[in-house]
Amino acid sequence: MDWTQRLRLRNLQMLLTLAETGNMSQSAALLNTTQPGLSKWLKDLEDDIGLPLFERQARGLRPTSYGEALIQHARRIEAQLDTARDDLDAMREGGSGLVAIGTSGASSADTVPLAVLLLLQRMPRVQARVVENTMDRLMNQLAHSEIDIVVGRSAPELQDRNVRTEALYLEPLHFVARTRHPVFSQSTVDWADIQRYRWVVWPRGTPIRNALESALAEAGYPLPNDTVESNSTILNLTLLNNSDMIGLASHRTASRLQALGALRIVPLRLAGFGGVSMYWRDDGANRAAVVEALECLRSAAKRSTGDLVEGVGGEG
């Protein structure tokens, strides 16, 4: 008999607990079982598979490369079961199911909230969850079935082979600052002007940071040494509103914040465009709430296209 046919959900929990604690006796206590029983189960599983899953060290257990691979599968299964439970709970309460959407800074101020509002109009009983984070972390959550859809900067280097993608739109990037920033008192703004101030930038390796560095290279300027690095939209907004720092935002985010009076777009054009895409797994696209959410994201992206074209044409 294949060893996978002998695994039970309880066994997955045992494996994940061992991976988390790295300690046999502590895991046994958490699982309400005996240490000898847990040790025997692990040895039997390793014998069935024919591979060592953990290294026994003086400080406890450490997963081998084989163990890490199996642990990743176990985490994915656990996340899918959690989603199934929450989905059915939502339907039991008369809802239309659950959809979890991850959003990065590029889409958190405009596309995703507009799509969620549209989704609630179309499926009033749906349960929507929105998580904001950097693209690398969101894509990792998507790969492990912890969320259903990711919307953010196009990042093919982060894409898992089991994940589908669709480009939603292209948009320019803008420098932004508080509404009464001294830079807005000038008749014209050039690169030397904004380099007098400290910048707030996204972390190295994020798509928006890559786009900024490409634009700077084309303009012939290096990234200033005097920067604050942050991956939090709210933190960035607070820093910019309470100082003379200069920040960076995508066109839709910058336009939304400017309309709200939170920030203003600095009239200095950055070369190039950044793409925004949505990502999802095939195994999640057969749920009605996920399918409808994807359609709402497409509609929200198109809804702002006219504003985008007008905004690009009107910038100095």
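This is a predicted model: local features need pLDDT of at least 70, side-chain atom pairs count only at pLDDT 80 or more; totals for chains, interfaces and linings use all residues.
User: Which order do the five strands of the open sheet take?
Analyst: The order is 4-3-5-12-6. The sheet is open, and its pairing is mixed.

User: And which strands stand at the edges?
Analyst: Strand 4 (127–132) and strand 6 (163–171) stand there. Each has a single partner strand, so one side of each lacks a neighbour in the sheet.

User: By how many degrees are neighbouring strands turned against each other?
Analyst: On average, neighbouring strands of this sheet are turned by 20°, with direction ignored.

User: Back to strand 4. How many bridges join strand 3 to strand 4?
Analyst: Six bridges join them, and the two strands run parallel. Strand 3 covers residues 98–103. As for individual partners, I101 has V130 of strand 4 as its bridge partner.

User: What about strands 1 and 2: parallel or antiparallel?
Analyst: Strand 1 (residues 54–57) and strand 2 (residues 60–63) run antiparallel, and four bridges join them. A hairpin of two residues connects strand 1 to strand 2.

User: Which residue in strand 2 does R56 stand opposite?
Analyst: R56 stands opposite L61.

User: New topic. Which residues form the nonpolar patch on the surface?
Analyst: The patch consists of L9, I77 and L81. Together, these residues have about 270 Å² of accessible area.

User: Where is L9 found, then?
Analyst: L9 is found in helix 1, which covers residues 9–21.

User: Is L9 buried or exposed?
Analyst: L9 is exposed, because its relative accessible area is 57%, and exposed means over 50%.

Terms used:
Residues are numbered from 1 along each chain as its sequence is written. Side-chain values use heavy atoms; hydrogens and water are left out. Patches are made of residues with over 30% relative accessible area and no salt bridge: like charges are joined within 9 Å, nonpolar side chains (Val, Leu, Ile, Met, Phe, Trp, Tyr) within 5 Å. Accessible areas come from the Shrake-Rupley method with a 1.4 Å probe; for residues, only the protein chains shown count as cover. A salt bridge is a side-chain nitrogen of Lys or Arg within 4 Å of a carboxyl oxygen of Asp or Glu. Buried means under 20% relative accessible area, exposed over 50%, partly exposed in between (1.4 Å probe, protein chains only). Two strands pair if DSSP finds at least two bridges between them. Axes are lines fitted to C-alpha atoms, for helices over the stretch in contact, and angles run from 0 to 180 degrees between N-to-C directions.
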